[in-house]
Amino acid sequence: MPVGYLVTVVLATLIAVCCLVRVRGPRPLLWFSYRLGLVFNELPFLALYGLTAATVLAFAEGDIDSAAARVLAGLALLPAAGFVVVARRGMRAAPVVAAALDEALGPGSATRRRPPLARILLRPVLRRRADVRRVGDLAYGDAGRRNLLDVYHHRARPEGGSVLIHFHGGHYDQGRKDTQSLPLLYRLASQGWVCVSANYRLRPASSHPDHLIDAKKVIAWARAHAHEYGAAPEAPVFVAGSSAGAHMAALAALTPNDPAYQPGFEEADTTVTAAIALNGWLGPYFDDDPATSPAHLARPDAPPFLIAHGDLDELVDTTNPRALVTALRSASAAPVVYAELPGGHHAFDLFHSFRFEAVIDGIEDFAAWVQAEGRAGRGQTGR
C-alpha cells in the first residue's frame, strides 16, 4: 500500500467533505472545517489538480501494484467527484445573483458576462492588475496603523469615477485592509473607480462605537480626498464590507451624519449612496444591544443594499442576513438585492473564483442601476 498516496486520498476526502456540507459540532471542528473550506470551496480545482497529479505519479512509479492499491485509486474518484460538485455549485452563483438583481431592480437588470476562465482556473490567487495602482498606508485618523487606508485607482487616473470603500472582516479583533475583496477592488479600479480599503480599531482595546466612528472618518476622508485620485467632485460613495466589516458598512449606511458617531467631525458628510454586505454578521454587536443591530436601524431613507451570503456559511446562519433584508424592505422603498449563494461558505471573497466573480458582476450591475437612478432623480429635480 503506497502510504503517501493513501495520505493524499484521505486528505482530499476530508477537504471535499468540509466543502460539501456545513459542519456543525465543537468549535475546534467548526474552525478546522472553516479553514479548509476557506480556500478549497472557492478553488476546488487546486485540490483536484493535486489529487490528479498524485494519482498519475503513483501509477508512474509503480505504486499501484496490488489489489488494495487499485482499490485506493478507485476510491480517489470519490473526492474527485466531490470537487466537481463543489465547482458546479460555484458556477450556479451567476444565475442566482442575476435572479436576485432582476427581482429587486426589475427584469433585465443583470448583465450576462463570461467568467474569466484563465484567471479562475490558472491564477486565482493573483489579484493585482497592471493598470491599477495601489497607494498604501494613508492616515485618516490618529490611531496609528489601525487608522491607515489604501487607495486603488487606475494608473491613467481618469476623471469622474465613483468611490467604493471596503472594510475587512475578522470578528472585530483581527484582520487588515489588504486581504479581503481584493478582486473586487482591482476590478472596479481598473474601470475608473477610486477604491478605498481601510483598517480600523479592534477589540479588546476598542469596542463599539469606536469601529463605527472609524468607518465614518473613512467616509469623510474619501469625500475630501478621493477626487485627488480621479473620483468625481460629487462622486457616489458606496460602502462595502466583509463579515464584521459588513456589519460596520451597514451601520454606517444607516446612521448618516449622526453626530453621536462623528465626535470632532460632526459637520462632515457621511452619507453613502448604497451599501454592500458580503458574508456579513448583520445582527447586534457583542453586547447584544439591539441598537447595534442594522435591522434595528432600518429607516425610510435607507440607501439601496446588496447583500450576498453563502447558504453553507459556517459562522453566520442565513437567518441573520435575512432578518436585515426583511427589516429594510419593510421600512424603506429602496431596493434590497439579496443573493443566497448555493454552496457558499464564509469568506467567499478572497480569490478569483466562479462564485466571487459572479458576485462582482452583480455588484457592477447593482452600482450601475443605483447610479442611473441617481442621475434620473437629479434630472427630474432639475425639471
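Colleague: How many bridges join S7 to strand S8?

Modeller: This is a predicted model, where local features need pLDDT of at least 70, side-chain atom pairs count only at pLDDT 80 or more, and totals for chains, interfaces and linings use all residues. Residues are numbered from 1 along each chain as its sequence is written, and side-chain values use heavy atoms, without hydrogens and water. Strands (E, at least two residues) and helices (H or I, at least four) are DSSP runs numbered from the N terminus, and two strands pair if DSSP finds at least two bridges between them. S7 and S8 (residues 336–341) run parallel, with Phe305 opposite Val336, and the number of bridges joining them is 6.

Colleague: Which residue stands opposite Phe305 on the S6 side?

Modeller: Strand S6 (residues 274–278) runs parallel to S7, joined to it by 4 bridges. Opposite Phe305 in S7 stands Ala275.

Colleague: Why is S7 largely enclosed by the rest of the structure?

Modeller: Buried means under 20% relative accessible area, exposed over 50%, and partly exposed in between (1.4 Å probe, protein chains only). Phe305, Ile307 and His309 point one way from S7, while Leu306, Ala308 and Gly310 point the other way. S7 (residues 305–310) is largely enclosed because the number of its residues that are buried is 6 of the 6.

Colleague: At what angle do helix H1 and helix H5 pack?

Modeller: Axes are lines fitted to C-alpha atoms, for helices over the stretch in contact, and angles run from 0 to 180 degrees between N-to-C directions. The axes of H1 (residues 3–20) and H5 (residues 77–91) are 9 Å apart, and the angle is about 30 degrees.
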